[in-house]
Amino acid sequence: MEKGKDFYKSEYYENRELSWLKFNARVLNEGRDKSIPLLERLKFVSITSSNLDEFFMVRVASLKDMVHAGYKKKDIAGMTPAEQLAAINKDTRELADLQYSTYNRSLLPLLKNKNIRILDAHEDLSKEQGEYVDKYFEENVYPVLTPMAVDASRPFPLIRNKTLNIAALLTKKDGNAKEQEFATVQVPSVLSRLIQIPGKKEKEQVFILLEQVIERNIHQLFLNYDVICAYPYRIMRNADLTIDEDEAEDLLKEIQKQLKKRQWGEVIRLEVEEKIDKRLLDILKEDLHVASDDIFKIPGPLDLTFLMKMYGLEGCDDLRYKPFKPQQVPKIVPGEDIFAQIRKGDILLHHPYQTFDPVVDFIRQASLDPDVLAIKQTLYRVSGNSPIIASLAQAAENGKQVSVLVELKARFDEENNIVWAKKLEKAGCHVIYGLVGLKTHSKIALVVRREEDGIRRYVHLGNGNYNDSTAKLYTDCGMFTCSEAIGEDATAVFNMLSGYSEPLSWNKLVVAPLWLRNKFLKLIRREAEYARQGKKAFIKAKMNSLCDRDIIAALYEASAAGVKIDLVVRGICCLKVGIEGVSEEITVRSIVGNFLEHSRIFYFHNDGQEEIYMGSADWMPRNLDRRVEILFPVENEALMEQVKHIMKVQLEDNVKAHVLQKNGIYDKIDKRGKKLVNSQEYFCQEAKRANPKEVNVYQERVFIPAETEE
Amino acid sequence: MAITTFGAIYIGSYEVSLKIFELSQRKQLRTVDHIRSRVELGKDVFASRSIGYELVEELCLILKEFRKIMDGYRVDDYQAYASVALRHVSNELFVLDQIWLRTKIRVQILSNSERRFIGYKALAFRPEFEEMIKESAALVDVGGGSMQITLFRKGKAVTTQHIELGIMRIKERLSEIEAMVAHYEKQIQEMVDKELGSFKHLYLSGKDTKYIILLGDYIGDITKGVERKKEDGTIEQERFLKKLKKFRKKSGEEELQELDISNEDDPLMIPSAVLYKRTVEEINAEYVWIPGADISDGIAYDYAQDHKILKPEHNFEEDILSAAKALAERYQSFSKHTEALLETSLAIFDAMKNVHGLTKRSRLLLQAAVILHDCGKYVSLVNQADCSYQIIMASEIIGMTHLEREIVACAVKYNANPLVSYEELADKMNQDSYMAVAKLAAILKIANALDRSHKQKFKNVKATLKDRQLLITVEAKESLVLERGLFSVYADAFERIFSVKPCIREKRMFQ
């Protein structure tokens with residue numbers, strides 16, 4: 001491997017956190033795009049805000065832990081944890097500035113034009129509005145507030161993670177004006193953050209933020225005091241989560257050793273309103289033990305996630321995209337025997353352009369079919385009222401062998417998962433609660449059916465979760481097949497997940513964490529070998545994130561050998577393009593659109609014997625090493641054409657695509673003189689065209705005039 | 001099309017497995033599911049000859065799951081076998097009872113030869129196998145507790161030897177010193193060489209073997225990626241050994257990558273590799289064939305054959321006869337007399353068909369008994385009956401069940417000695433088998449009496465049953481005075497069993 005050594009230099013890699021921040025900036029960019037309907041833009045800004053919260057809780061928290069543990073190992077870009085934190089701090093501030101300038105300078109004025117107002121200062125209320133607000137406070141807010149004062153006998157209270165609070169400075173009405181006391185009250189999360197109040201003009205929709213309502217009436221909470229000032233603040237702690245699984249094992253050991261040094265519940269970010277009184281800020285800073293670097297002064301309302309609530313505003317359909325109805329899959333006629341359709345040949349599903357219903361129907365029909373012996377499925381994140389779960393329970397009640405692997409470790413979803421897992425167990429399903437040390441991320445459903453000529457297995461493989469709600473928002477690919485080879489493998493996967501030994505061999509599927517990394521490396525190196533032989537060689541791949549060092553090094557090596565590599569990476573990308581002799585043949589683009597790009601496609605030229613794979617794994621260490629993932633080949637020729645077409649359109653996108661530049665910046669494509677291609681829009685139209693127009697059943701006979709050809 | 005869904009359970013010394021098959025004439029054998037679970041019963045068995053309750057618990061839990069899976073597939077039938085893992089353990093019956101009560105699975109214990117026979121059945125349905133043994137081949141079946149080497153010449157099995165070298169046993173025996181020795185492989189090799197050496201000396205000297213056929217759970221993984229010959233899928237010996245030499249306990253990262261094994265931490269991998277390597281070196285065959293058949297396939301074929309779903313390529317009865325003959329030759333007891341005796345006893349057996357009530361299988365056992373009836377003389381001329389019995393019981397004849405071997409050995413014993421009452425044999429066999437022993441011994445006795453002088457004084461033996469008389473007509477060259485004189489003694493015993501009186505009719509031939 002002498003050749004490969006050079007490709008591991010840290011200057012060839014981008015830090016993953018900084019790359020992620022760039023991704024969030026791309027999302028924010030959508031919020032700044034004037035061609036997008038206003039409420040959609042609000043939604044994007046809201047997403048950047050919730051994204052940033054999660055990023056702090058998971059990533060920044062673990063970097064902080066590393067710093068406390070004295071862990072100095074450098075990441076792939078050669079940065080120590082402390083260096084990363086410093087860089088993140090800088091970029092986050094820039095991002096936040098951009099967020100609020102977008103909100104204040106373009107979104108608020110535009111909303112005002114549309115007669116929608118969001119008041120973020122109670123001083124702006126008219127008299128009537130003020131009365132309305134006070135009444136609202138008295139009736140709805142006051143009963144749920146718990147003000148807490150701090151003095152010698154009452155220590156600083158526990159401020160809960162991610163909650164919005166109001167800090168106030170008080171003096172006793174009859175006491176010494178110099179003796180100031182500190183008090184805090186949580187803005188109740190049970191109440192809506194946005195409160196609609198009567199407009200000054202007709203047809204005007206006015207909203208006020210809950211914290212403003214409280215601020216306005218704060219004197220009512222401290223009757224014996226004068227309120228000098230009151231400002232909202234919000235903190236983020238690293239208490240809830242343990243170390244992010246993405247970090248290396250040696251880190252975990254390191255931290256276990258230093259467990260005592262870990263500061264539980266440490267505040268890692270304090271957000272305050274820009275105008276906050278310095279005395280208040282000093283108290284907060286001292287009592288919450290926050291470093292100056294971790295204080296963010298915000299020029300506007302804290303926590304912009306409330307904008308998501310605005311998105312659903314009634315009577316404003318013209319400010320949103322027309323909702324897209326997922327289309328029927330041409331090969332699957334609703335209501336007909338889905339197994340018969342699969343027997344005719346493999347079927348590709350492209351969500352959300354095509355409906356997720358066949359997948360739900362697949363399980364539903366299986367649960368009722370007397371010939372079905374068993375249903376086995378992995379469930380990762382499932383919607384609250386999932387029809388799939390209902391069908392699985394039904395199947396168990398119908399005497400079928402039902403095995404369900406429920407991944408409890410799915411981040412933030414644990415509780416939800418436990419509830420329906422118990423439900424399934426009650427119905428008689430065999431529920432497997434994940435594997436020790438491994439997250440099961442693979443998406444696979446297997447139906448075993450006894451037919452006239454023996455047992456036949458029907459398999460659905462996908463890269464999205466079995467979640468009928470997210471299937472309307474995430475772009476995902478899935479495949480139905482009854483190929484014997486894949487069926488055997490699917491059975492083996494479930495045997496393995498049930499705790500039995502690995503199969504002696506696999507036919508088609510490649511399973512992480514055992515074999516997937518090597519498979520990818522082999523595929524990439526094979527392409528490099530062809531390039532060295534002077535043959536045509538290319539790789540086209542689409543995924544959510546790319547940050548695996550070995551894979552990137554292999555890609556660099558392939559690029560240096562002359563392989564043309566086109567990547568569509570939605571989020572983190574630690575690969576750098578355009579490095580001389582290393583990555584000149586690599587392009588990276590990121591599509592951020594109305595739907596969340598989620599599909600993973602890997603397409604290798606293989607000297608003309610093209611190979612296409614899809615699966616649940618990204619090129620990330622956690623996917624390749626610490627998760628159960630499945631990579632499956634698409635071998636049916638018609639399906640291969642479909643997948644190639646999907647890749648092609650995505651690579652042609654010049655509306656929603658940002659292209660990674662040599663300097664590490666993502667730029668939109670110069671559209672001048674080009675036909676506009678918006679890949680998501682294109683797929684929507686294509687899915688509509690693929691289905692016959694709805695025929696009016698009442699119209700018995702229609703004569704269709706021939707059209708003249710142009 | 002009629003399809004039988006069948007579940008084959010095998011309890012080995014380190015693994016319990018369930019294989020679900022679809023058996024049909026058209027598709028033969030289709031594996032639908034294969035579930036394996038690691039349970040190291042061998043740990044207890046090889047150390048203390050009994051199984052502790054924790055392992056029984058674990059075993060029952062898994063079998064219970066297997067029961068559910070079989071129900072899920074709606075299997076028509078199943079067969080559950082255990083071999084060395086439960087054989088000879090002191091609490092065998094209690095374990096079996098627990099399994100039955102808790103899982104509703106009836107597990108049968110196989111003797112080593114039965115176990116090997118079933119393993120070998122999986123192969124005997126393969127056309128390539130028939131081709132290979134036409135010349136000469138050695139079948140090596142490596143299990144957890146022991147290994148079995150069966151030699152084939154000219155299409156038939158000639159000998160089969162059980163060697164107490166199994167991968168689990170090796171691992172367990174070395175487990176205490178494993179950490180102390182630098183070259184783990186060397187230690188295994190020393191253990192292996194001692195046992196293999198004797199086998200080679202006794203059975204292989206001066207004989208070439210063209211093919212070596214390897215069975216076992218690990219061999220597939222070990223030889224993954226090794227180039228096979230296109231025509232028959234065999235591997236040249238050199239190529240095979242080259243790959244196996246790479247297996248060392250402390251392989252580097254890159255070497256492991258090259259080995260391409262699915263689980264490099266498996267503690268049984270190295271013992272397997274060393275055992276296979278040494279065996280192949282010792283037997284020194286030109287080609288190595290890894291058919292990838294396992295015991296579960298054998299169980300399914302055995303079932304399919306019994307239920308007349310499938311018919312094997314191979315004639316197993318021929319194996320029994322050739323193996324018996326090879327055994328007789330080893331003890332220098334196969335002679336013209338034996339051949340004459342075969343002719344006579346079969347003539348009598350066939351003539352008595354309507355009255356003896358024995359099965360076709362008994363005819364085969366009779367032949368085996370005839371072939372082996374004198375083998376004990378090699379050890380002792382006086383105690384030949386007992387010695388023959390011991391030799392037969394200590395030798396394995398592939399294709400014969402343990403009970404069948406007992407019947408043959410007893411038939412041989414009570415050919416020379418007077419038959420004892422059933423009570424004395426009751427711990428070895430049931431009454432039906434006792435009757436078979438009595439009848440076979442009686443036939444053997446009178447047939448033997450006809451060639452008392454061992455001179456083959458007659459030919460063209462014919463036997464006919466007439467009323468209550470068995471007429472044995474022979475064409476004799478010489479006077480049969482001796483034979484006639486002794487005949488009456490045995491004839492009485494014969495009559496007592498069959499209620500048929502045998503008599504000799506002599507046609508004197510004069511050249």
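1. Burial in chain B. Of the 511 residues in chain B, 47% are buried. The model is predicted, so read every value here as computed from it.

2. Overall form of chain B. Along the principal axes, the C-alpha atoms of chain B occupy a box of roughly 85 × 50 × 50 Å. The radius of gyration of chain B is 26 Å; a compact globule of 511 residues would have one near 24 Å, so the two agree.

3. Make-up of chain B. Chain B holds 21 helices and 14 strands. Take the contacts in chain B between residues at least 6 apart in sequence: 73% of them join residues at least 24 apart.

4. B:T4 sits in strand β1 of chain B, which covers residues 4-11.

5. Partners of B:T4. Leave aside residues up to four places away in sequence. B:T4 then touches B:L23, B:S24, B:D76, B:D77 and B:I309. B:L29 lies 25 residues from B:T4 along the chain, and their C-alpha atoms are 9.8 Å apart.

6. Domains of chain A. Chain A is split into domain 1 (32-319), domain 2 (338-508) and domain 3 (512-689). Between the centres of domain 2 and domain 3 of chain A, taken over C-alpha atoms, the separation is 27 Å.

7. Domain 2 against domain 3 in chain A. Here 28 residues of domain 2 are in contact with 28 residues of domain 3. Which elements of chain A supply at least two residues each to the domain 2 side? They are β10 (347-351), β14 (439-440), β15 (443-451), β17 (474-481) and α13. The largest share comes from β17(A), with five residues. By class, the domain 2 side that touches domain 3 has 14 nonpolar, nine polar and five charged residues.

8. Chain A against chain B. How many residues of each chain are in contact with the other? The count is 14 residues of chain A and 19 residues of chain B. On the chain A side, β11 (372-379), β16 (454-462) and α13 (484-497) each supply at least two residues. That side divides into six nonpolar, five polar and three charged residues.

Key: Residues are numbered from 1 along each chain as its sequence is written. Chains are lettered from A and ligands numbered from 1 in the order in which they are written. This is a predicted model: local features need pLDDT of at least 70, side-chain atom pairs count only at pLDDT 80 or more; totals for chains, interfaces and linings use all residues. Two residues are in contact if their C-beta atoms, placed from the backbone, lie within 7 Å. Helices (H or I, at least four residues) and strands (E, at least two) are DSSP runs, numbered from the N terminus. Ala, Val, Leu, Ile, Met, Phe, Trp, Tyr, Cys and Pro count as nonpolar, Asp, Glu, Lys and Arg as charged, and the others, Gly among them, as polar. Domain bounds come from an automatic or database domain assignment. The radius of gyration is taken over C-alpha atoms; the globule rule is 2.2 Å times the number of residues to the power 0.38. A residue is buried if 20 or more other C-beta atoms lie within 10 Å of its own, exposed if 12 or fewer, and partly exposed in between; C-beta atoms are placed from the backbone.
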